[in-house]
Every structure is written in C-alpha cells, then in structure tokens.
Amino acid sequence: MDLLDAGLLVVAGLAAGMVNAVAGGGSLISFPAMIAIGVPPVAANMSNSMAVAPGYLAAVVGSRVDLPDRREWLPLLPTATVGTLGGCLLLLGTPARAFEMVVPFLVLAATAVLAFQDPLRRLVGHPRDLGPRRRTLTVHLMVAVGCVYGGYFGAALGFMLVAGLALVMDATLARLSALKNLLSLVVGVMTIAVFGLFGPVNWAAVALVAPAALTGGYLGARLARRLPAAFLKAVIVIFGTSIGLYLLFRSLQ
C-alpha cells in the first residue's frame with residue numbers, strides 16, 4: 001500500500017463515518033475504496049465492516065440525546081446481537097455472489113418503504129394502533145432482519161434499519177436515526193469479534209479507515225441533529241435510491 005492508497009482510505013473513512021451517521025450507506029464509500037487499492041472483495045467486505053464500527057460509536061455519542069427511553073431500546077440489543085451473529089456466520093459459510101444479487105433490491109425496497117411511509121402505515125396500521133404484544137414483535141422482527149443483513153453485508157445498513165423502524169415505531173426521524181446508530185454499533189462490535197477471529201481481514205486498511213470513520217461519525221451525528229426532519233428524510237431517500245441503483249449496476253457487471 002503506497003501513500004496515495006493510504007490517503008484514499010483515510011478520506012473514504014471520514015466520508016463513510018459522516019454519511020453513516022446522517023443517512024446510512026457510508027460503507028458504499030469505504031468498501032469500493034478498499035476494492036480500488038486491491039483488497040479482494042470478501043476481505044474488503046469484512047475489513048470494511050470492522051473499520052466503520054468505531055464511527056458507529058461516535059455517532060451514538062453524538063446523537064445520544066435523541067435516543068428513546070432506555071426501556072424501549074435495551075430489550076432490542078439481544079435481538080440485534082443474535083441477528084448480527086447469524087449474518088456473520090452466513091457470510092463466513094456461504095458464497096457471497098447470490099446475496100450480492102439481492103442486495104440492490106433490498107436497498108431499493110427499504111428506501112421505498114421510507115419514502116412511502118405514510119401510505120404504508122395506512123395500509124398496515126399505524127404503530128400506535130397496534131396492540132403492545134404485536135408492536136413489540138414487529139419491532140424485534142425488523143431489528144433482527146436488519147442486523148442479519150448488517151452482519152452479512154453491512155453496506156446500507158442504516159437504510160434498512162431506519163426504513164423498517166419507521167414503519168413499526170411511532171417516533172420522530174431523529175429518534176429513529178439515534179436508535180439506528182445504537183443498533184449499528186451492536187452490529188459493528190459483533191463483526192469485529194467474529195471477523196477479527198475468523199475472517200481474512202486486511203488489518204492495514206482497518207487501521208487507516210477506523211480512526212477516520214470515528215471522526216466522521218461524530219461530526220455526522222452532530223450535523224444530523226440540526227437538519228429538519230423533512231430534509232433528512234429526503235436526503236436518506238435520494239441517497240438510498242442512488243446506492244441501490246449503484247449496487248444493481250455493480251452486480252450486473
């Protein structure tokens with residue numbers, strides 16, 4: 001790795017941390033950067049998942065005042081942990097090509113769910129109209145599915161979590177974004193533990209991207225708190241659509 005490659009990774013890590021905190025999908029910046037300097041795809045995927053994890057910690061710190069009550073998010077952590085572990089084991093044990101073909105459609109679907117959140121709520125029912133047991137089950141299901149995805153691929157995890165949570169939780173987008181950051185941190189910790197022990201990680205790339213993502217995550221979280229809800233939603237939808245189309249184009253190459 002030469003100086004130019006190292007600089008590319010640092011810039012990509014900073015941008016990825018900021019984008020992850022604001023809208024999610026920052027891995028679509030850092031992951032291609034690792035590919036560009038010659039890291040093999042599977043190793044780049046695992047290395048990228050580990051490298052962006054510190055950015056999630058910074059994002060949690062930056063958005064902690066917007067977190068829902070502890071009684072709402074604490075029971076979700078075991079679900080997120082188990083879901084992430086399942087996704088990590090899936091990546092370690094199965095070929096990635098088949099899932100890579102599905103990923104673009106998952107991202108586009110998640111973005112569409114967020115964009116058409118109100119009509120979908122009228123169709124499936126607003127969260128406040130659901131019984132406590134059904135509301136709890138749907139939230140845990142959304143978290144589990146999102147974290148399985150995060151453990152397997154990771155890129156656009158923020159879209160998956162925000163879109164799913166927005167459909168089943170009665171909360172502001174700022175609160176959902178803060179909860180997304182917390183759940184993403186759980187995914188990050190689990191990927192560090194699993195891939196660090198069993199994956200073909202490029203540690204030099206991780207060492208460059210991780211501190212940059214940490215800085216970018218904190219800056220991005222502070223920025224997200226100052227954005228109007230409608231503007232933040234528009235940014236997420238536009239960025240999510242762009243990333244989904246990019247992934248679709250990439251998967252067809």
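Proline 75 is partly exposed, with a relative accessible area of 42%. In this predicted model, proline 75 sits in the loop that joins α5 (70-73) to α6 (76-93). Leaving aside residues up to four places away in sequence, proline 75 touches Arg70 and His140. If you look for leucine 227 from here, you will find that proline 75 and leucine 227 are 152 residues apart in sequence and 29 Å apart in space, C-alpha to C-alpha.

Let us turn to charged side chains. Side chains of opposite charge can pair when their charged atoms come close. How many salt bridges does the count come to? The count comes to one salt bridge. Arginine 71 forms a salt bridge with aspartate 69, and their closest N and O atoms are 3.0 Å apart. Arginine 71 is exposed, because its relative accessible area of 72% is over 50%. Aspartate 69, in contrast, is partly exposed at 37%.

Here are the accessibility values of several residues side by side.

| Residue | Relative accessible area | Class |
|---|---|---|
| Arginine 71 | 72% | exposed |
| Proline 75 | 42% | partly exposed |
| Leucine 223 | 39% | partly exposed |
| Aspartate 69 | 37% | partly exposed |
| Serine 30 | 0% | buried |

Leucine 223 has its place in helix α12 and belongs to a nonpolar patch on the surface, together with Leu14, Met18, Leu57, Val61, Leu214, Tyr218 and Leu219. The patch residues have about 620 Å² of accessible area together. Which of them gives the largest share? That is α12, with four residues.

Now for the inside of the protein. Serine 30 is part of helix α2 (residues 27-36). Is serine 30 buried or exposed? Serine 30 is buried, because its relative accessible area of 0% is under 20%. Beyond residues up to four places away in sequence, serine 30 touches Ala12, Ala16, Asn48, Val52 and Val209.

The largest nonpolar core has 63 residues. Those with the most contacts inside this core are Met34, Val107, Val143, Tyr149, Leu165, Leu183 and Phe195. Helix α11 (residues 173-198) supplies the largest share of the core, twelve residues.

Methods: Residues are numbered from 1 along each chain as its sequence is written. This is a predicted model: local features need pLDDT of at least 70, side-chain atom pairs count only at pLDDT 80 or more; totals for chains, interfaces and linings use all residues. Side-chain values use heavy atoms; hydrogens and water are left out. Patches are made of residues with over 30% relative accessible area and no salt bridge: like charges are joined within 9 Å, nonpolar side chains (Val, Leu, Ile, Met, Phe, Trp, Tyr) within 5 Å. Accessible areas come from the Shrake-Rupley method with a 1.4 Å probe; for residues, only the protein chains shown count as cover. A salt bridge is a side-chain nitrogen of Lys or Arg within 4 Å of a carboxyl oxygen of Asp or Glu. Helices (H or I, at least four residues) and strands (E, at least two) are DSSP runs, numbered from the N terminus. Buried means under 20% relative accessible area, exposed over 50%, partly exposed in between (1.4 Å probe, protein chains only). A nonpolar core is a set of buried Ala, Val, Leu, Ile, Met, Phe, Trp, Tyr and Cys residues joined through side-chain atoms within 4.5 Å. Contact means heavy atoms within 4.5 Å.
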